[in-house]
Amino acid sequence: MLEIRKAGDRGSTRLPWLKSRHSFSFGGYKNPQEMGFSDLRVINDDRVAPGKGFSRHGHRDVEILTYVLQGTLAHRDTLGNSAKIKVGEFQLISAGSGIEHSELNASSTQPVHFLQIWLTPQASRTKPSYQQKQFSVDQHRGKLQLIASKEGASGSLKVRQDAKIYVGRFGAGDSVTLPISSRRQVYVHVIDGRLQVNGVRLAQGDGLKLADARKLAISASADAQVMVFDLRSVTEKSSKHKIAGLCVTRACGSRKR
């Protein structure tokens, strides 16, 4: 199976302080055909105005990965964490039995741009945790850098699901091949630029769903950045029943500030 998710077909949220594109159903964007892919539930491309953001709200039983592309996010949570997440940094919140947090633009003059990604965890009601890590550009230039995995392999963040998440930066002429088990599903999200994945041309914001592929072949003719999700192979029925229970307040769905 190979299916393209075009950038222009994504859902959107437009508020005075927020511009967001949704690869899968989220908040006011409802698309029964795009409820997630395997354990991947959300890819939101968020741009938040200076001094604005998401005020304190709660989650449970969800893995929340945030990747800052421009600007700085200010984070606070009920575990006592207070941190700044800067360009190129990754934050991973394992909500478990419940956590409340806020994510605000740390600047009063510059916007912040980031991806927020949700995955369902393998187990429910676990102890919440917080991780944050910077991977240098050189670590994922011209290759796919593992940034999250179940075991925390190779210094990656430890995600509570059978998943591997990679980030890669490519220039003209770069190419890389990632072996894939036939029992896995893969989702590719193009952060910026243009490239080819398994012979399919993709542009900024595009996604690609693959199943039963034995390898992932990426090639670039210009600068590009991509995220790759190596996921469990699950049926549509078992995938959809896990949608409930990700949020414990309305804020994460309504996108309140």
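Residues are numbered from 1 along each chain as its sequence is written, and side-chain values use heavy atoms, with hydrogens and water left out. Since this is a predicted model, local features need pLDDT of at least 70 and side-chain atom pairs count only at pLDDT 80 or more, whereas totals for chains, interfaces and linings use all residues.

The pLDDT is the predictor's confidence in each residue, from 0 to 100, and its mean over the protein is 91, with 91% of the residues reaching 70 or more. Where pLDDT is low, the predicted coordinates should not be read in detail.

Buried residues make up 52% of the 257 residues, where buried means under 20% relative accessible area, exposed over 50%, and partly exposed in between, with a 1.4 Å probe and protein chains only. Among contacts between residues at least 6 apart in sequence, 72% join residues at least 24 apart.

The protein has two helices and 20 strands, which are DSSP runs numbered from the N terminus, helices being H or I with at least four residues and strands E with at least two. Two strands are said to pair if DSSP finds at least two bridges between them. Seven strands form an open sheet with antiparallel pairing, in the order β2-β3-β4-β11-β6-β9-β12. At its edges stand β2 (11–15) and β12 (129–134), each with a single partner strand, so one side of each is left without a neighbour in the sheet. Neighbouring strands here are turned by 15° against each other on average, direction ignored; axes are lines fitted to C-alpha atoms, for helices over the stretch in contact, and angles run from 0 to 180 degrees between N-to-C directions. Within this sheet, seven bridges join the antiparallel strands β6 and β11, and Tyr67 stands opposite Leu115 in β11.

Another open sheet has four strands in the order β5-β10-β7-β8, also with antiparallel pairing. Its edge strands, β5 (53–59) and β8 (82–85), each pair on one side only, and the twist averages 20° from one strand to the next. Strand β7 (residues 73–77) is joined to β10 (residues 99–105) by five bridges, with Leu104 in β10 as the bridge partner of Ala74. Arg76 also has its place in β7 and, at 55% relative accessibility, counts as exposed. Not counting residues up to four places away in sequence, Arg76 touches Asn81, Ser82, Glu100, His101 and Ser102.

A further antiparallel pairing, over five bridges, links β16 and β20, and in β20 the bridge partner of Thr177 is Ala217. Strand β16 (residues 175–179) has a covered face, Val176 and Leu178, and an uncovered one, Ser175, Thr177 and Pro179.

The interior comes next. A nonpolar core is a set of buried Ala, Val, Leu, Ile, Met, Phe, Trp, Tyr and Cys residues joined through side-chain atoms within 4.5 Å. The largest such core has 24 residues, of which Leu40, Leu65, Phe90, Ile117, Met227 and Phe229 touch the most other members. Elements giving two or more residues to this core include β4 (40–48), β6 (63–70), β11 (112–119) and β20 (215–232). Apart from it lies another core of 23 residues, among them Val197, Ile218, Val226 and Val228. Leaving aside neighbours within four places in sequence, Leu65 is in contact with residues including Phe90, Leu115, Ile117, Ile165 and Met227.

Finally, Met1 lies in the segment before β1 (2–5) and, at 47% relative accessibility, counts as partly exposed. Beyond neighbours within four places in sequence, Met1 is in contact with Phe37, Lys209, Leu210 and Ala211. Met1 and Gln185 are 184 residues apart in sequence, yet 9.3 Å apart in space, C-alpha to C-alpha.

Definitions and conventions. Contact means heavy atoms within 4.5 Å.
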